[in-house]
Amino acid sequence: MRIALALTLALTGAPAMASAAHAAEPASARASGHIRVDQVGFAPGEAKHAYLMTSGRPAPFAVIDHRGRQVLKGTAGRDLGAWNARYGHVYDLDLTRLRRAGTYRIVSGGLTSARFTIAPSAQLAQPASKIVTFFGGQRDGGRRHANDRATHVYDWPTFTGPDTDQIKGELTKVGGPVDVEGGWFDAGDYLKFTHILAYVDTLMWAARRDGGASADPRLKSESLHGLKYLDKMWDGASKTLYIQVGIGAGNAEGTFAGDHDLWRLPESDDSSSEKYIRNRPVFRAAAPGQPISPNLAGRTAAAFALAAQVEPNRRRAQAWLDQAAEIYAMAKTTDVGQLVTSLPHAFYPESVWRDDMELGGAELALAGQRLGDSRAGQWLEQAQRWATEYIAGDTGDTLNLYDVSALAHADLIRAGASIKGALVADLRAQLEIGASRAAKDPFRAGARYDAFDSVPHAFGLAATSRLYRAVSGDRSYDAFGTQQRGWALGANAWGVSFVQGVGDNSIACPHYQISNLTGRPATGAVVNGPNAASLFDDGLGGHFEEMAKCPADQVDRYEEFTGRGSRFVDDVRSWQASEPADDFAAIGLYALTLMARD
């Protein structure tokens, strides 16, 4: 049975001090525990929830401002369930009636939460801006990998097994030299993938288009930086799409090394003694002129078409639209087989592609409508076909690197789709996947946190809640979206904001070479977050001799919060949980930019 909340706002008279609230609590009411809250905060009109994770009965709680004055008091809501054997209860703390702007903490039974702020939704532009800063640090080119300006093309390598990146034998050169300088590093390593970069750049252009005044002005240069690289990846003369720069591991024979075999700064690679670190190999999606894996064709076309929607210079916009159309037309949509993403495929095992083709078609249609291109209607029809086929057989995931249908659906509706009802229904179905999971979770997490990509899935659900509202007018998932944002920013069992530099207790030791070796924080880096506990059974990743220990004592401060099949370790060796990635950052940026407009 749901317990009614008894909340009292101290809006008149002299505010009671927090210490008085503590003094009124009997010692028997106190228990070990933690209070978890979104460490950025809430807009005044948002639903606001925090969580008391404890081993015993809950004490009354109070909210205090930056001067220690009590502004809200109440009793905990219902027990949402056990987290683990140590923390057998998680109680809901409903703060929704707190609307006055300010910075606050929650206190209960001697426990104190991290700070959070009540302010207009535009405050979310600040963490979004930090993520843009992260992309600036991820830029390749210039003093980093100048040798990429003239490097050679190789045939796909053979690997020693299906789940390894170790190469069997030598690489075979098939072409070049080609210029592949620029772009962004994929993650904590220095590889570059068109599959990832097209997704990232698409979300950047979408953030520019949809963010209005809340979009960071630096997104203009970052999105153009990404598009310039994608332009190099597509050779229109030979109709070749290049998909990868660099190799993950060396070969079994030990005659060469790969990117993951070394821990170093990228500026050192051009003078490396390792031949494929110094002169990085490039790989193609297919032979010149041959059809391209449809996931790659769809999302790469989407990036150029979105740019054509935003670019004020109509001549340049038309050129980008024509390039998008050229790439889109190369999609292999029959006898597709295993999708092409990376080498090996196990790095990024995408399995659905109609969402990418729907996205590419929708963005082409929108750009064509803007520019008066006669092909716009054709692209709209194609996008509707792929959307219909996606809904019929490819559903089950939510917005992330491997499923872009939420953005595709929303933009297809904007383009005037005749199947709006089906598209809205599928957006709602995706939100229900998360909402049904959240209803059973103590911290109301809509994403699985016992698998890879928990944080980007949470941000994806937050973004989808706003996309759904924009096309349907239905605000019933707003509170759910706010909860997913909050989970990623600290309202989780570990009390960690998974965006470095955002909140009182953000990720401190990312698996990230540049910050580890320079000592400069990876501000704005978004990490994977908790993962399956079983992935840690054999320990963390290896410790390179060059790697600075982080934390210095190598103690896992979050071990007591391992629960429900998941674990999070804030350690530079923890590739399972603490590695940042561009696709994580991009969906976080898009979600926060959308929500900053609320």
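Q: What makes Cys509 and Cys550 a disulfide?
A: In this predicted model, the sulfur atoms of Cys509 and Cys550 lie 2.1 Å apart, and since a disulfide requires a pair of cysteine sulfur atoms within 2.5 Å, the two residues form a disulfide. The pair links distant parts of the chain, with Cys509 in the loop between α13 (478-488) and α14 (513-518) and Cys550 in the loop between β19 (531-532) and β20 (566-567), 41 residues apart. By the same rule, the count for the structure comes to 1 disulfide.

Q: Why is the disulfide of Cys509 and Cys550 called left-handed?
A: The torsion about the S-S bond of Cys509 and Cys550 is about -70°, and the disulfide is therefore left-handed.

Q: How do you know which of these terms, buried or partly exposed, applies to Cys509 and which to Cys550?
A: Cys509 has a relative accessibility of 6%, and because buried means under 20% relative accessible area, Cys509 counts as buried. Cys550 has a relative accessible area of 21%, which falls between the 20% limit for buried and the 50% limit for exposed, so Cys550 is partly exposed.

Q: Why is the aromatic pair of Tyr51 and Phe443 given the class it has, and what is that class?
A: A pair of aromatic rings is described by the distance of the centres and the angle of the planes. The structure holds 26 aromatic pairs. In the pair of Tyr51 and Phe443, the rings are 5.6 Å apart centre to centre, with 65° between the planes; because ring centres must lie within 6.5 Å and planes over 60 degrees apart count as edge-to-face, the pair is edge-to-face. Tyr51 lies in strand β4 (residues 49-54) and Phe443 in the loop between α11 and α12, so the pair ties together parts that are 392 residues apart in sequence.

Q: How do you know whether Tyr51 and Phe443 are buried or exposed?
A: Tyr51 has a relative accessibility of 2% and Phe443 a relative accessible area of 1%; because the limit for buried is under 20%, Tyr51 counts as buried, and Phe443 is buried as well.

Q: What makes Tyr154 and Tyr276 an aromatic pair, and which class does it have?
A: Tyr154 and Tyr276 are 5.7 Å apart centre to centre, with 85° between the planes, and because the limits are 6.5 Å for the centres and over 60 degrees for edge-to-face, they form an edge-to-face pair. This pair links distant parts of the chain, namely Tyr154 in strand β11 (residues 151-154) and Tyr276 in helix α5 (residues 275-278), 122 residues apart. Tyr154 is buried, with a relative accessible area of 9%, and Tyr276 counts as buried at 8% relative accessibility.

Q: Which residues do ring pairs link into a cluster?
A: Among the residues that ring pairs link into a cluster are Tyr51, Phe443, Trp83, Tyr87, Trp487 and Phe561. Phe561 has a further contact, for the charged end of Arg36 sits over its ring, 4.9 Å from the centre.

Q: Where does the charged end of Arg385 sit?
A: The charged end of Arg385 sits over the ring of Trp386, 4.0 Å from its centre, a distance that meets the limit of within 6 Å.

Q: How do you know which residues line the largest cavity?
A: Lining residues have an atom within 4 Å of a point of the space, and for the largest cavity they include Asp38, His49, Tyr51, Gln483 and Trp487. The elements that give two or more residues to this lining are β4 and α13, with α13 giving the largest share, 5 residues. The largest cavity has a volume of about 80 Å³, and its lining divides into 6 nonpolar, 4 polar and 1 charged residues.

Q: What lines the largest pocket, and which residues lie nearest its centre?
A: The largest pocket is lined by 45 residues, of which Phe347, Tyr348, Phe452, Trp575 and Glu579 lie nearest its centre. α11 (420-438), α12 (454-472) and α15 (582-595) are the elements that give two or more residues to this lining. The volume of the largest pocket is about 1,300 Å³, and its lining residues divide into 20 nonpolar, 13 polar and 12 charged.

Q: Which classes make up the lining of the second largest pocket?
A: The lining of the second largest pocket has 5 nonpolar, no polar and 8 charged residues; because Asp, Glu, Lys and Arg count as charged, Asp210 and Arg466, which are among the residues closest to the centre of this pocket, belong to the charged class. α12 gives the most to this lining, with 5 residues.

Key:
Residues numbered from 1 in each chain as written. Predicted model: local features only at pLDDT ≥ 70, side-chain atom pairs only at ≥ 80, totals over all residues. Heavy atoms only, no water. Helix = DSSP H or I, 4+ residues; strand = E, 2+ residues; numbered from the N terminus. Buried < 20%, exposed > 50% of the residue type's maximum accessible area, 1.4 Å probe, protein only. 1 Å grid on protein atoms, 1.4 Å probe; cavity = no way out; pocket = protein on both sides within 12 Å on 5 of 7 lines; lining within 4 Å. Points joined across faces, edges and corners; volume = space filled by probe spheres on them. Phe/Tyr/Trp six-rings, centres within 6.5 Å; stacked < 30°, edge-to-face > 60°. Lys NZ or Arg CZ within 6 Å of the ring centre and 35° of its normal.
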